Amino acid sequence: MEFLWSPWRQQYVTSGQAQKISGCVFCHFSHPSTPEFDAEHYILHRGQHNFVILNLYPYTTAHLMVVPYAHIAELSHVDKSVSDEMMDLAKLGQKAIGQVYQPDGYNLGMNLGSAAGAGVASHLHLHLLPRWNGDANFMTTVGETRVLPESLADTYQKLNQHFAF
Ligand SMILES: [Zn+2]
């Protein structure tokens with residue numbers, strides 16, 4: 001379980017370029033932006049209070065996260081409108097993943113606080129990832145990096161159309 005939801009790292013690689021983000025990585029993606037920015041950073045959808053983004057260090061293919069725009073750590077401090085939309089977007093995500101990947105199951109949850117395994121403990125986020133029978137066996141690990149059967153760009157392309165509305 002310890003690396004089920006791998007922590008985000010401050011430095012990540014996208015489009016062959018290493019980028020360093022100062023401050024909260026989720027706040028970095030929260031700000032209104034262009035469709036090009038969203039595509040480059042695998043942001044699948046922007047709702048009224050939350051956005052949906054692929055985890056750059058997925059445990060399984062199509063591991064996504066629903067993230068409030070607001071920098072809030074405590075679930076109990078979040079407005080009902082925000083948490084309601086988080087769950088609505090998780091439902092939408094499950095539907096999208098189901099149509100594209102037909103998994104055997106899903107994990108849906110939050111790691112609240114670094115003691116619980118949160119990589120970005122100061123900014124709430126909800127994980128959703130598909131599971132397949134025996135997936136822990138067929139995916140090999142190299143260090144901390146799991147080897148996935150498809151690229152993030154492919155996953156993004158497959159899921160994106162299901163979030164276009
Ligand atoms: Zn933040």
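Author: What follows is a look at one strand and its neighbours. This is a predicted model, in which local features need pLDDT of at least 70 and side-chain atom pairs count only at pLDDT 80 or more, while totals for chains, interfaces and linings use all residues. Residues are numbered from 1 along each chain as its sequence is written.

The protein chain has five helices and nine strands, where helices (H or I, at least four residues) and strands (E, at least two) are DSSP runs numbered from the N terminus. Five of the strands form an open antiparallel sheet in the order β3-β4-β5-β7-β6, and two strands count as paired if DSSP finds at least two bridges between them. The edge strands, each pairing on one side only, are β3 (43–46) and β6 (105–109).

Strand β4 covers residues 50–54 and runs antiparallel to β5 (residues 64–68), to which five bridges join it. Among the facing residues, isoleucine 53 stands opposite methionine 65, and leucine 54 stands opposite leucine 64. With β3, strand β4 pairs in the antiparallel sense over three bridges, and the two form a hairpin with three residues between them; here arginine 46 has phenylalanine 51 as its bridge partner.

Because five of the five residues of β4 are buried, this strand is largely enclosed by the rest of the structure; buried means that 20 or more other C-beta atoms, placed from the backbone, lie within 10 Å of a residue's own. In a regular strand the side chains alternate between the two faces of the sheet. In β4, Asn50, Val52 and Leu54 point one way and Phe51 and Ile53 the other way, and all are buried.

Technical notes. A residue is buried if 20 or more other C-beta atoms lie within 10 Å of its own, exposed if 12 or fewer, and partly exposed in between; C-beta atoms are placed from the backbone.
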